[in-house]
Amino acid sequence: MWSLTASEGESTTAHFFLGAGDEGLGTRGIGMRPEESDSELLEDEEDEVPPEPQIIVGICAMTKKSKSKPMTQILERLCRFDYLTVIILGEDVILNEPVENWPSCHCLISFHSKGFPLDKAVAYSKLRNPFLINDLAMQYYIQDRREVYRILQEEGIDLPRYAVLNRDPARPEECNLIEGEDQVEVNGAVFPKPFVEKPVSAEDHNVYIYYPSSAGGGSQRLFRKIGSRSSVYSPESSVRKTGSYIYEEFMPTDGTDVKVYTVGPDYAHAEARKSPALDGKVERDSEGKEIRYPVMLTAMEKLVARKVCVAFKQTVCGFDLLRANGHSFVCDVNGFSFVKNSMKYYDDCAKILGNTIMRELAPQFQIPWSIPTEAEDIPIVPTTSGTMMELRCVIAIIRHGDRTPKQKMKMEVKHPRFFALFEKHGGYKTGKLKLKRPEQLQEVLDITRLLLAELEKEPGGEIEEKTGKLEQLKSVLEMYGHFSGINRKVQLTYYPHGVKASNEGQDPQRETLAPSLLLVLKWGGELTPAGRVQAEELGRAFRCMYPGGQGDYAGFPGCGLLRLHSTFRHDLKIYASDEGRVQMTAAAFAKGLLALEGELTPILVQMVKSANMNGLLDSDGDSLSSCQHRVKARLHHILQQDAPFGPEEYDQLAPTRSTSLLNSMTIIQNPVKVCDQVFALIENLTHQIRERMQDPRSVDLQLYHSETLELMLQRWSKLERDFRQKSGRYDISKIPDIYDCVKYDVQHNGSLGLQGTAELLRLSKALADVVIPQEYGISREKKLEIAVGFCLPLLRKILLDLQRTHEDESVNKLHPLYSRGVLSPGRHVRTRLYFTSESHVHSLLSVFRYGGLLDETQDAQWQRALDYLSAISELNYMTQIVIMLYEDNTQDPLSEERFHVELHFSPGVKGVEEEGSAPAGCGFRPASSENEEMKTNQGSMENLCPGKASDEPDRALQTSPQPPEGPGLPRRSPLIRNRKAGSMEVLSETSSSRPGGYRLFSSSRPPTEMKQSGLGTLFVWTEVSAGTEM
């Protein structure tokens, strides 16, 4: 550590002295002992050089504070962080040197006490722009009890009833005092004795308590401790006649005060002591130290501690708590305060401060660092209705992240070699076979090469497979020069009477129909670097769903989840379908969620479950049900009509009257004409790519994710061939692929400057916004039928998760003997994360929207939720459906009020549509309805995620990390939350009585006011939520 003293003579620079590093704390201390000379310290500096780079932590306070025993103990421990170096600004420097001469630091711990020049500290902060542990501007407010009480009141924190008497000539209306024998009236508010009289200046500790005449009258006069006294009794019963005061109701605390010390919003240490008002004698132990007893805070008191810490923007903050009449009241906020004589507190405090500093500054210094975890208590959080309940279960269904365009080729194969391969790998057991492993794909390639060689020798031979299809199969399997199951996949499906006969419904009894295999080759669809960033960022943001996580995950991430997890009170399981992009998305999400480091592969192997899930998250899109075949055929028929959409087409194609669907049909007008335009744009695009390939400057041009112009041309040429058939009709099933490709190129290959991509994107999106959702059913009934076929196993699993029927699962639990400070070591939060593809998300939303979950005709808020879903045109990458289950342990176990369920929804990352085109909404977690009129304050516990106006559109996800703040930008306190992007959340009001629906939950919560807020500066977290009773 460093120590700074004022210099003398000509030099105005400071002298720095090196103390102990990570080793030698037991022998050398921290370089602050007065018996050590400067020369000895300088010798230490020569012997031990701190590791580079170093984050300089400056301590700016009066000497009495900066070199007190608690500060010394904490700084000793802070120095154990490899990359932190501490300097202490000497009092002479602080008082006499201009701030320009103060040493520079990256992080500043500075706080006001008697004689401290706060103005200079503020000026220094503006000059050097360090990261502030305790906000300096708020320390002006802490010095004024009127401001302290105002802030507490605005935050909804209970405090004694009070009135302010301002003896200010400029405000005569605030100076109305009428004193009676046993009461005082202040500006119309009557306070019977006993009452408390406090000077408005927090620096004035002369607080008087006036007693009623029935108890003997007089007053108790409190003051800052002098020796063993902290108050004296006086026979004087009249209030003071000069100065401004706060008068407040006296709270009967049975002679005990509670002092609470926070270190960040998620840590609070509490000690009880004898009230100084009792008899004024300070109880001390044999060593002369005031006797204080560590006490447990209730869940609500912990929330109060968080509110105080956040509201006053003081990471290290002390305040006084009065426990009276079954309630807890805050009566004073002291600002920067340390616990005395508690080694555990010193350890905790230094650890939290060090982690906070490293979390904020390590990325700028390219210092490798991960967030250590600490214990956290019962996860009490505000629900959407504003009530405080315990979070018990979080279930999320999440689509994978950004990927390369998916490509697919189908061909019917009948050669015996393919049947032999099908039998070899057990395909006849289920009639389906997936080949992903390199040796399996090599077998397919060997067969393909062999057949092509035979066709070359005997073009008119017995081989029925088409040469063009075999050539394409060979070309794709040979791509990259190596195999990877994530890149390519071959699926074989057995048709006993032939593929064409099965699809066209021909009579299977006809003996002329021979069996065949449908070979589907899929390639592409890999998770991109942008997709990994999206998943990891969402994982970090997802911590905000847990206790201690509300607010800005980027600036001061909520560690409540990490603490739950580290103390084995978080039962987490992650599931993913067998697609590589989905599995890697799950691994990247877990990395961000749990602050893990390193590559994704170990995370994937250890944390993501994808085997033996019996169709939980996988769906074979090539083996469609008869209902899906009928729906697709109907959809293709409607979109092949070369005429403008009329009322009949609107009724046929959009019977649900979905807003986004109607908007897209308005853009399309005539589907065939739009398809003509799309085809012409694709032809133009492939022509441009060919021209670019002829340009010598493009020979070695690398596109996004190592793609080449040749591979890009292959993508578009295949779509050009497949989209318009020989008959002149269009293959509507290729529209999603066209939109997929152009969206990918606009987002990732825009630097090529290809002409017409914007128009191709607009038109293909309009078509895709009709085709994609309607492939999952056109009418409500068909949507439900298809949805249940896709996600019935998942629905059943979600119900099991919510009902907590898996108590026999092997779960690591916190050992009660080591759970000191944890109120309920046996209680868990269950988290189940399901990563899947678009089909499951569409299907699950269909169940929620059309399955009779609630009756929108009777529930206005549910109707608004459905209206919002109706306006969503695309379920983009990282789309989420989140279900949160809460429990109110104060309610009867059989009561309908015992459990509370919330539904949250986000359509994922922002697409490439124009700014403002996305539907707007309100917030992630509305504030308490009891504080509906309260102003939105950053850091407020009653409005944990302050948001912008409800009509503001969502913001896009940054697919690369935010740039570091420049030196001229003001650095935030760790407790200051960013403003959030708008989103929508709805609390359901009434239950549905509709029979026959695919119901998950029932609801009985009465109508509740909704307040708007928001979430996510890096991630578009637009939500529809429904809070229901279960």
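Helices (H or I, at least four residues) and strands (E, at least two) are DSSP runs, numbered from the N terminus. The views below come from a predicted model, where local features need pLDDT of at least 70, side-chain atom pairs count only at pLDDT 80 or more, and totals for chains, interfaces and linings use all residues. Residues are numbered from 1 along each chain as its sequence is written, and side-chain values use heavy atoms, with hydrogens and water left out.

**View A. M878 in its loop.** Look for M878 in the loop between α28 (860-871) and β30 (880-887). Although M878 is not a glycine, its phi is positive, near 65°.

View B. N187 sits in the loop between β9 (183-186) and β10, and has a positive phi of about 50° without being a glycine. N187 is partly exposed, at 31% relative accessible area; that class lies between buried and exposed, the latter being over 50%. The peptide bond from K193 to P194 is cis, with omega near 5°.

**View C. The two faces of helix α19.** Here C627, Q628, V631, L635, I638 and L639 of α19 are buried. They lie on the same side of α19, because they cover an arc of only 95° around the axis, taken from the directions from the helix axis to the C-beta atoms. The face turned away from that buried side carries the exposed residues S626 and H637. Packing partners of the buried residues are α20 (647-653), α22 (671-694), α25 (757-774) and α26 (780-803), with contact meaning heavy atoms within 4.5 Å.

Notes. Buried means under 20% relative accessible area, exposed over 50%, partly exposed in between (1.4 Å probe, protein chains only).
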